[in-house]
Amino acid sequence: MLNSQKGKLKLRIKLKCLTAAAALGMALTAVSPTTSAFAKSEEKPKIEIGIVPDAQYCDCDVNGVRFYRNSLDKLMEAAKTFNQEDVDFTVQTGDLIDRDLPSFSTVLPFYNMIEGPKYHVLGNHDFPVTSDKVVDILDMPNQYYDIKYKNWRFVFLDTNDLSLYANPVGSEKYQQAQTMYNTLNNNNEINAQTWNGGVSDEQLTWLRGVLKKAAQTNEKVVVFSHMPVYPANEHNVWNDDAVMAELEAAGNVVAYINGHNHAGNYGVKNGIHYVNLKGMVDTADTNSYSILRIYKDRLEIDGFGRETDRILTIQ
């Protein structure tokens, strides 16, 4: 049984010999109604977004605090919540799987129990094959992309663009990643980790153009990513300063939301909220996911399980 830390959901389902569809049918009758930690208000949000961070599923034994198989139950709980709330769309912020290719075929039916549009961000654990193949498996439009919804712009970055795991060995991007990593490592930077990655100049140029066009049409922006850029942390994007420079120069970015660091983190800098969501895979029976509600003057993160509730003022 999954016990949500805030008592929002109680799920009594065993997955033995059940298909994903049958499991969902049981979930619909076994889960109690959800409740919000925020005070009841007549004000309705402009947009509601479900967010799934670091499910990191694999059919693997427990490793430390990571309970890989339990993510299937946790995804069903999140699906129930999002469907009850009738969110406008859902984002998973990367690391849907932990390591092996067959995990995609197991976990995707559970993620797809969530109704409505769903968007993926690539995480560093999502690459048993190269980027182009993962993009196809997840039916993504590209490694990085953007959408418009109700006069808001949502940007989905690929922080594995330059990395030592997402690109073929010897490719141009692999070589660029090796150079970037070696520079950081020689300077003893805390984010000089091989499980991090960088954002290419090509992607930064694309980001600049998207943010500029959004500003011209008075669109506020939320950026989704896998790796953090602020505050300083060993999990940060290799060229975090370059990414932040683009976000700050635009003047219309409200929040940058990511996973990767399963402990979670938060900071605000030059009017931008940087929110690192806690990993779903961690702990045996406590979930971690959230609903982002967008209002005229603020964003509210309604955290479930381990995730923290936050109110982010639009500055």
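## Close-ups of a predicted model

**View 1. Asn270 is exposed, with a relative accessible area of 60%.** That value is over the 50% cut-off, so Asn270 counts as exposed rather than partly exposed. This and the other views come from a predicted model, not an experimental one. Asn270 sits in the loop between E10 and E11. Its phi is near 50 degrees, a positive value in a residue other than glycine.

**View 2. E10 and E11 make a hairpin with two residues between them.** How many bridges join E10 to E11? There are five, and the two strands run antiparallel. E10 spans 265-269, while E11 covers residues 272-276. To find your place in the pairing, look for Gly267, which stands opposite Tyr274 in E11. Asn270, with its positive phi of about 50 degrees, belongs to the turn.

View 3. Is His260 buried or exposed? It is buried: its relative accessible area is 6%, and the cut-off for buried is under 20%. Like Asn270 in the turn, which has a positive phi of about 50 degrees, His260 has a positive phi, near 80 degrees, despite not being a glycine.

**View 4. The surroundings of His260 include Asp54, Asn124, Trp195 and Asn196.** His226, Met227, Pro228 and His235 complete the list of residues it touches, once those up to four places away in sequence are set aside. Which side chains make polar contacts with the side chain of His260? Asn196 is one, at 2.8 Å, and His226 is another, at 3.1 Å. Then there's Asp54: 206 residues separate it from His260 in sequence, yet their C-alpha atoms are 6.8 Å apart in space.

**View 5. A cis peptide bond links Tyr230 to Pro231.** Omega here is about -5 degrees. Where does Pro231 sit? It lies in the loop that runs between strand E8 (220-224) and helix H7 (240-250).

**View 6. Gln92 is buried, with a relative accessible area of 1%.** Gln92 is part of strand E4, residues 89-92. A polar atom of its side chain lies 2.9 Å from the backbone nitrogen of Gly94. Leaving out neighbours within four places in sequence, Gln92 is in contact with Val52, Tyr111, Tyr119, His120 and Val121.

**View 7. Zooming out, the chain has seven helices and 14 strands.** Of its 315 residues, 55% count as buried; Gln92 and His260 are among the buried ones shown above. The chain exposes about 13,200 Å², with carbon and sulfur atoms supplying 48% of that area. Among contacts between residues at least 6 apart in sequence, 70% join residues at least 24 apart.

Methods: Residues are numbered from 1 along each chain as its sequence is written. Side-chain values use heavy atoms; hydrogens and water are left out. Helices (H or I, at least four residues) and strands (E, at least two) are DSSP runs, numbered from the N terminus. Buried means under 20% relative accessible area, exposed over 50%, partly exposed in between (1.4 Å probe, protein chains only). Contact means heavy atoms within 4.5 Å. A polar contact is a pair of N or O atoms within 3.5 Å; within protein, one must be able to donate a hydrogen and the other to accept it, and residues adjacent in sequence count only if both atoms are side-chain atoms. Two strands pair if DSSP finds at least two bridges between them. Accessible areas come from the Shrake-Rupley method with a 1.4 Å probe; for residues, only the protein chains shown count as cover.
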